Amino acid sequence: MSKHTPESEPPHDNEPLREHVFDGIQEYDNKLPNWWLMTFYGSILFSIVYWLFYHTWEVGLSPEEKFAQQQQAFAAQALAAGEDEVDGDRLFELSREESMVEAGRRAYTSSCAACHGQELEGGIGSALKDAEWTHGSRPMEIRENILDGIPAVGMPPWRQSLGERQVNAITAFLLSVNPDLVPDEEIED
Ligand code: HEC
């Protein structure tokens, strides 16, 4: 049986020992390898740069922000490529175009949701997701009601502030989320 005693010869006897002793154990005063130090300092540097880039200066975008930005560009592109003049069938076609519906959803959220509700459930204005339409449920009637407003009941006009393209997009959005809105030929007079 070999017994380890403090007197036994250290294997590297010409290397310096550090001064402190714990329970009779001493450490060599070895340098850490450079590759280890580089990784260590490198990761500290990386975390500082990362923090500044994403959190302090907010130059970098998080995946959610990137996605929102792409969606916005997508919607803006659809609007730019859209047309002012439409008919009922065209509005239904637009209601199946994802980017147009997204453009409409955005315009709805910023201009209409205050009165008609975030989920179109109604409020000051009527609910827009049900089958009850007081002022007309044909796509072109809805479009006209948004463009010119319904002054008698307090629905403001949007022709000036939003323009026809955005109103087309909003109408397409409404058609896409309300299954009770159907093409003209399916409406019984
Ligand atoms: C200031 C509040 C207000 C805002 C903002 C507003 N509306 Fe209205 N809207 C009303 C009111 C009030 C009515 C009439 C409700 C009624 O007839 O009882 C109405 C009616 C409507 C109707 C007719 C509903 C039906 O039953 O025939 C549509 C469509 C409509 N609004 C769409 C929109 C859209 C789209 C926007 C956004 C561009 C918008 N409204 C913004 C208040 C508002």
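Tutor: A residue is called buried here if 20 or more other C-beta atoms lie within 10 Å of its own, exposed if the count is 12 or fewer, and partly exposed in between. The model is predicted. By that count, 19% of the 189 residues in the chain are buried.

The chain has 7 helices and 2 strands. In sequence order they follow the pattern β-β-α-α-α-α-α-α-α. The radius of gyration is 34 Å, while the globule rule gives 16 Å for 189 residues, so the chain is more spread out than a compact globule. The C-alpha trace spans about 110 × 35 × 30 Å along its principal axes. The domain assignment places domain 1 at 17-56 and domain 2 at 63-186. Over C-alpha atoms, the centres of domain 1 and domain 2 are 59 Å apart. Glu 58 sits in the loop between α1 (34-56) and α2. With 11 other C-beta atoms within 10 Å, Glu 58 falls in the exposed class. Its phi is positive, near 50°, and the residue is not a glycine.

Now the core itself. The largest nonpolar core holds 24 residues, and those that touch the most other members are Met 100, Ala 103, Ala 169, Ile 170, Ala 172, Phe 173 and Leu 174. Two or more residues of this core come from each of α2 (63-81), α3 (88-94), α4 (98-111), α6 and α7 (159-177). The most, 7 residues, come from α7. Phe 173 shows how one of these members is placed: beyond its neighbours within four places in sequence, Phe 173 is in contact with Val 101, Gly 104, Arg 105 and Tyr 108. Contacts across the sequence can also be counted for the whole chain: among those between residues at least 6 apart, 57% join residues at least 24 apart.

Apart from residues up to four places away in sequence, Val 177 touches Leu 120 and Lys 129. Val 177 and Ser 95 are 82 residues apart along the chain, yet their C-alpha atoms are separated by 8.8 Å.

Leu 120, one of the contacts of Val 177, is found in the loop between α5 and α6. Leu 120 has 20 other C-beta atoms within 10 Å, so it is buried. Most residues other than glycine have a negative phi. Leu 120 has a positive phi of about 60°.

One more site is the ligand. Its shell consists of 23 residues, and the closest are Cys 112, Cys 115, Gly 125, His 135 and Met 155. At least two shell residues come from each of α5 (113-116) and α6 (139-148). By type, the shell has 14 nonpolar residues, 9 polar residues and no charged residues.

Conventions:
Residues are numbered from 1 along each chain as its sequence is written. This is a predicted model: local features need pLDDT of at least 70, side-chain atom pairs count only at pLDDT 80 or more; totals for chains, interfaces and linings use all residues. Helices (H or I, at least four residues) and strands (E, at least two) are DSSP runs, numbered from the N terminus. The radius of gyration is taken over C-alpha atoms; the globule rule is 2.2 Å times the number of residues to the power 0.38. Two residues are in contact if their C-beta atoms, placed from the backbone, lie within 7 Å. A residue is near a molecule or strand if its C-beta atom, placed from the backbone, lies within 6 Å of it. Ala, Val, Leu, Ile, Met, Phe, Trp, Tyr, Cys and Pro count as nonpolar, Asp, Glu, Lys and Arg as charged, and the others, Gly among them, as polar. A nonpolar core is a set of buried Ala, Val, Leu, Ile, Met, Phe, Trp, Tyr and Cys residues joined through C-beta atoms within 7 Å. Domain bounds come from an automatic or database domain assignment.
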